[in-house]
Amino acid sequence: MKLRIFLVTALLCLQTALAAATNIPLLPVKDLQAGMKGIGKTVISGDTIEEFDVEIIGVSGKESSGYSILVRLSGPLIEKTGGVAQGMSGSPVYIDGRMVGAVAYGKAFNDPHYCFLTPIGSMLKMLDTPQGQQVDWLPKGTALAAGGFTELGVACLKEELKTQGLEVTLGASGGRESTKPLEPGSSVGAALMTGDLTLGALGTVTWTDAEGRVLAFGHPFMSRGESNFFMNRVWVLGVIPNMSSSYKVGNIGSSIGRFEQDRSSGIAGRLGSGPNSVPLVINVSDTSRGINHSSSMRLIDDEKLLPAIVNAATISCVNRTADRALSGTVKLHFKATLADKEKKYLELDRENMYYGTENLEKVLVQELGESLKVLMNNKFEKLNVYGIKVDAEITEAVQVAEVVKLSAKERKVKAGEKLALSVTLKPFRGKEFTKEIEYTVPKTASGKLVLNVRGGSSVAWVMNLLRKQGNENNAEAPKEQKQKSIKDFINEVNTADKNNSLIIDIASGVKGAAQPAGEAGLAELLKGSPYKKVIPLDFIVDGEKELVLTVEK
């Protein structure tokens, strides 16, 4: 009996403390009856909170698994919106001045006047019992609005994020934002990216307190558990009717705090400083038209999402600056500033050139995206990302040249001496030109020495070599490669062949210069031998030629 009295007393104390924190009395689920009527609060235009009518239909569920409250919405506001609209999630509902819960779940193609509420008691638990559970991204129907992205950028986001079940739509960006303090019924954003481009979801504030704590949405954003999202101001432009489900459209404005919990009953956060984030700057120059654009954003520091968002943002910025179907040549330079677990600075710094007549936007971010994916998901350690910068220079000119001839003044050479080579290249619709290059014959060279001259974009020679050596070695299984560090990977990316590089290397004739395919693999073959010489050019270099020399003793 004493234990029962103690538990009841403790429960009452908890409810009293929570109610005192909000200064709003709560109406427990057990006290709800079918036919009860009340009001809900939300914003459908600007930042003005308006009311709608609510009627309790019934309650389902139980204490152990959670309750859902079925309600019917009505009134002039609901007639304007055509029923429950996406973005109304979190709208607080009151009966006789007591808070019941938040609008949370509707169903497409059903009568849009009906929906389920999440009880306020379930939402308040997020503040007192936060959990650090890590789960896969399992969104529950909350669409991400991509503000400022072009259609190509949104298509890239959809493709990159579909494996995680995320839905992306084209949203509004910039413009007016609310300056009012958040209160129950206010619109609020939960964002993954803020700045000149935005990516996030619109919802409604359910509850606030004097300590700056905020509850919203009434359902999960992405079921992230312990989370790291921007809390943003929102200005609602309006509600767009839809046969499936109406939805709010609005500007996601400046960050005013962070959401730290993303659970089944909603999202919880705090006003003030924002989440850990990564600055991203993208500069695009269209030399054909003399136009320059610069965009600045901040992204949440998330290993799974950051590469996809950077890719899509880069595509959008390039696409918007070009303002046409992109074709021609692009020079892309990206730099990521990082720190390892010992707080030592690392820098991924890569520049390359790309050419294409279609889908060039997607081609130019392949290295960028793959490099960031490996960095973010590397098996060695978590890296701190301090900033990412992307510079793109686009032109309609076709800056491509093919290697058409390779010759040497002498065909008989001595080990260790300098050799004069002549490489002739033919630019697209241009005149041939010859590059004179000095190459040092390796000291260990003997017999027949085969030199290969190729462009950084040509891998045909590698495929031929793999086939040839694979046959010679009877398709020997590759040996296990030496374990590498994240520092080794960054160095390999920074120094890897570029499409605008002219490369001279040993094909055969030097001990240890060329490994069998079974031992080296494609990555090692692309890396080349210790005798490789790289000459940067202002052209994307294609094609390859070989030269056979005799090394005299």
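How many cavities of 30 Å³ or more does a search of the whole structure find? The search finds two, a cavity being a set of points on a 1 Å grid over the protein atoms alone where a 1.4 Å probe fits but cannot get out.

## Basis of the model

This is a predicted model, in which local features need pLDDT of at least 70 and side-chain atom pairs count only at pLDDT 80 or more, while totals for chains, interfaces and linings use all residues. Residues are numbered from 1 along each chain as its sequence is written, and side-chain values use heavy atoms, with hydrogens and water left out.

The largest cavity has a volume of about 120 Å³, a volume being the space filled by probe spheres set on the grid points, which are joined across faces, edges and corners. It is lined by 14 residues, of which D47, S178, K180, S186 and S187 are the closest to its centre; lining residues have an atom within 4 Å of a point.

The second largest cavity holds about 40 Å³ of space, and its lining consists of E303, L375, M376, N378, E381, K382 and L383.

## Helix α9

In helix α9, which spans residues 486-495, the residues I486, I490 and V493 are buried, that is, under 20% relative accessible area. Seen down the axis of α9, these buried residues fall within an arc of 65 degrees, so they line one face of the helix, the arc being that of the directions from the helix axis to the C-beta atoms. On the other side of α9, K487 and T495 are exposed, with over 50% relative accessible area.

The buried residues of α9 pack against β17 (328-339), β18 (345-356) and α7 (366-376), where contact means heavy atoms within 4.5 Å; helices (H or I, at least four residues) and strands (E, at least two) are DSSP runs, numbered from the N terminus.

Key: On a 1 Å grid over the protein atoms alone, a cavity is a set of points where a 1.4 Å probe fits but cannot get out, and a pocket is an open set with protein on both sides within 12 Å along at least five of seven lines; lining residues have an atom within 4 Å of a point. Buried means under 20% relative accessible area, exposed over 50%, partly exposed in between (1.4 Å probe, protein chains only).
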